[in-house]
Amino acid sequence: MAVLRLSPLALSRSRFALSPLAETLGTVIALARPRTAPWLAAWHARQLPAFTGALAADPFAAGLVGLVATTTWLPRCVAIPPPDGLRTTLVDELAAVRAVPDAVFRAELETSLAHPHPRYAADPRRPRDLSFLTGHGWGARTAAALHALWAAHIAPEWPRRRALLERDIAHRAGLLATRGWPGALDQMSRHSTWEGPDAIRFGHRPGPDRVIGDSGMLFVPVSLATGTWLCEGPPGHYAQVYPARGAATAHTAPADATTGPGRALERLLGTGRATLLHSLRQPATSTELAARLQQSLGTVGGHLAVLRDAGLIVGTRVGRRVVYRRTERGELLAGDGAETE
């Protein structure tokens, strides 16, 4: 079984990151596979016509997506570690995809083709060869196809998705502060487990161990994937992508703030506390909330105390800061993305 090995220095420098490219890959896989999780059924039905139409018009994109969705080995030319941590942009990531030489691109896809997912090996959409690799400039064509899929299926939802991903990171940062990396990685994925003080088993497939470089490892949540995958960059640079907590609740429209549950929440909590609870769709410190809502720290602190006593929010110490986030009860009461489809 493949194991990631981290030195004490690499462990101390490991951190969380965001990857719009990984979010795009997770979305593509969710849309391309014939089976979808029950909580994604309504989202899947809304998105599928545009998705299938775009692939029908582009045989290259159709072949690439068919391969990515049915392999156990995502090609490293698209599964790359995010270059700028939490500030990574899709433009930065697609620049790296665009720069992949054709020879490297083909070699990566040949490896993916040789590792079919057992559940989808017989899927008629799975390419049997790489005949869709016509012409040249495959890295640039892949970057263009992924950008189009991002614009159609992720960009309109990105603020909501990003808030969900940041909540997951805040939750795991709290576990990291109190329980170390084994606690932060607990239940991250059924395929990943901590083994001893310096190793992570990230799958059941045989393969060589990887040694993480001194810059540490990245952990990247995504909102739609149900599994994990490993991103590899230059020697020693790795990122593990994993499904974020609460991913089943990420794709609904917010409640009407004037006539629906939003107004009822104001009557229940008061306008100030309701506004603060809604604002915590993205975890924040009291100082950040005060600036965001243009209120004094004293006012924000009083609202936070009441919401915390009611079990609607919790505070997690991260270094010298306390980051507040909504609890599951708070998510349900806020009603701005916590309903299950």
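Cysteine 77 is buried in this predicted model. Its relative accessible area is 4%. Cysteine 231 is buried as well, at 2%. Both values sit under the 20% cut-off, so both residues count as buried. As for disulfides, the structure holds zero.

Turn next to a helix pair. Helix 2 spans residues 20–32, and helix 7 spans residues 138–153. They pack at an angle of about 80°, with their axes 10 Å apart. That angle makes helix 2 roughly perpendicular to helix 7. Helix 2 brings Pro20, Leu21, Thr24, Leu25, Thr27, Val28 and Leu31 to the contact. Helix 7 answers with Leu146, Leu149, Trp150 and His153. By class, the contact has eight nonpolar residues and three polar ones. Charged residues are absent from it.

Now move to helix 11, residues 286–293. Its buried residues are Leu289, Ala290 and Leu293. Viewed down the axis of helix 11, the buried residues fall within an arc of 100°, so they line one face. An α-helix has 3.6 residues a turn, so residues three or four places apart point the same way. The face of helix 11 turned away from the buried side carries Thr287 and Ala291, both exposed.

What covers the buried residues of helix 11? The cover includes helix 10 (271–279) and helix 12 (297–309). Just after helix 11 comes glutamine 294, which takes a positive phi of about 55°.

Conventions: Residues numbered from 1 in each chain as written. Predicted model: local features only at pLDDT ≥ 70, side-chain atom pairs only at ≥ 80, totals over all residues. Heavy atoms only, no water. Axes fitted to C-alpha atoms, helices over the stretch in contact; angles between N-to-C directions. Helix = DSSP H or I, 4+ residues; strand = E, 2+ residues; numbered from the N terminus. Parallel < 35°, antiparallel > 145°, perpendicular 65-115°, else oblique. Contact = heavy atoms within 4.5 Å. Nonpolar A, V, L, I, M, F, W, Y, C, P; charged D, E, K, R; others polar. Disulfide = S-S within 2.5 Å. Buried < 20%, exposed > 50% of the residue type's maximum accessible area, 1.4 Å probe, protein only. Arc of directions from axis to C-beta.
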